[in-house]
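Here's a quick briefing to read alongside the model. Have the sequence and the 3D view open as you go through the points.

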Amino acid sequence: MDSNTAALVALKHHEDVEGLFAAGRFDNAAYLAGYVIECGLKTLLLREGMPAAKQLGHDLPLMTGNALSLAVQMAPAIRRYRVPDSADFQHIVAHWGPEERYEATGFMDRAKAESRLRAVRETFTALIVPQLLDGTVRYHP
């Protein structure tokens, strides 16, 4: 996967999160929210051909910590993109994992899903939209 692909996957999942949340499907909306965050971060980590991003798997704390610091050192231009630091964003980074897909129906209530939705919107606005606007990510519907 490259940076552009990661951005397009984030866009696809963002649309699904919005739709699932609107339909009251909070478990699946919250689960997919983690992938939006992951792919949003990977758009930065995969810049300048940094192949190590694939080995990070779904480790959001590592992606927002040491891996991102290293990426900024290797590609200083990504410093202009601001990773969100809100409580909603920090909570999903600390608590999300792909194993949520095995949780029982109803594990995520509306308030928790709404928190994740805010983190998704924040990530999209902070990481994906600016890259679309400056042309580092290309979207062809």
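Leu8 sits in helix H1, residues 3-22 (helices are DSSP runs of H or I, at least four residues, numbered from the N terminus). This is a predicted model, so local features need pLDDT of at least 70 and side-chain atom pairs count only at pLDDT 80 or more, while totals for chains, interfaces and linings use all residues. Residues are numbered from 1 along each chain as its sequence is written, and side-chain values use heavy atoms, with hydrogens and water left out.

**Surface**
- Leu8 has 33% relative accessibility, so it counts as partly exposed (between the buried limit, under 20%, and the exposed limit, over 50%; 1.4 Å probe, protein chains only).

**Aromatic pairs**
- Searching the whole structure turns up three aromatic pairs (ring centres within 6.5 Å, using the six-membered ring for Trp; planes under 30 degrees apart are stacked, over 60 edge-to-face, the rest tilted).
- One of them is Phe21 with Phe26, a tilted pair at 5.3 Å centre to centre and 55° between the planes.
- Both Phe21 and Phe26 are buried.
- Tyr35 and Trp96 make an edge-to-face pair, because their ring centres are 4.9 Å apart and their planes meet at 80°.
- That pair links distant parts of the chain, 61 residues apart: Tyr35 is in helix H2 (residues 26-45), and Trp96 is in the loop between helix H5 (87-95) and helix H6 (110-134).

**Around Tyr35 and Trp96**
- Tyr35 is buried at 14% relative accessible area, and Trp96 is buried at 7%.

Methods
Helices (H or I, at least four residues) and strands (E, at least two) are DSSP runs, numbered from the N terminus.
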